[in-house]
Amino acid sequence: RRVHGGFDSVFFAKMSSAYELYRKCTLGTSLTDALDDMVGQGVLSPELAFKVLQQFDKSMNEALATQSKTNCKFKGNLHTYRFCDNVWTFLLQDATFKTDNETIHADKIKIVACDGRAVSRAAEGNP
């Protein structure tokens, strides 16, 4: 948890859109850190930083929906599943993921899935 100039980076987590699935990836974390630094230095307002994060959410969802061509099949032992707020979460053990040219094994994996249409509507500010 980072604090810059009285600005707490948890602020971004509290001001959230409906789906922020990609903010924890390397690109999302780097963006959040950079925005956190800029807000802490007074270069950017928290409101504008929040709008940038909302656009990031929307752009990531759109890019993956329209530009991703790889199919992936997976299997594993289902340990836990839950459905809350229109989001499915699956915890798998001993999972295998297969694409056209690669096979990956994972001892444990967490899969989070949501309706992409709901993500686009939420990122646009429409319920």
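The crossing of helices H2 and H3 is right-handed. This description refers to a predicted model. H2 covers residues 26-40 and H3 covers residues 46-67; the two pack at an angle of about 165°, and their axes lie 10 Å apart. Angles over 145 degrees count as roughly antiparallel, and H2 and H3 are therefore roughly antiparallel to each other.

Which residues of H2 and H3 make the contact? On the side of H2, they are Leu27, Gly28, Leu31, Thr32, Leu35 and Val39. H3 contributes Pro46, Ala49, Val52, Leu53, Phe56 and Met60. Sorted by class, the contact of H2 with H3 comprises 10 nonpolar residues and 2 polar residues, with no charged residues.

The strands may be considered next. An open sheet is formed by 3 strands in the order S3-S4-S5, with antiparallel pairing. Strand S3 (73-84) and strand S5 are the edge strands, each of which pairs on one side only. From one strand to the next, the twist averages 15°.

Within this sheet, the pairing of S4 with S5 can be followed in detail. Strand S4 spans residues 87-98 and strand S5 spans residues 103-114; they pair in the antiparallel sense over 11 bridges. A hairpin of 4 residues joins S4 to S5. Two bridge partners may be located in the structure: Leu92 has Ile109 of S5 as its partner, and Thr96 is partnered by His105 of S5.

Notes
Residues numbered from 1 in each chain as written. Predicted model: local features only at pLDDT ≥ 70, side-chain atom pairs only at ≥ 80, totals over all residues. Heavy atoms only, no water. Axes fitted to C-alpha atoms, helices over the stretch in contact; angles between N-to-C directions. Parallel < 35°, antiparallel > 145°, perpendicular 65-115°, else oblique. Left-handed = near helix turned anticlockwise from the far one by under 90°. Contact = heavy atoms within 4.5 Å. Nonpolar A, V, L, I, M, F, W, Y, C, P; charged D, E, K, R; others polar. Pairing = 2+ DSSP bridges.
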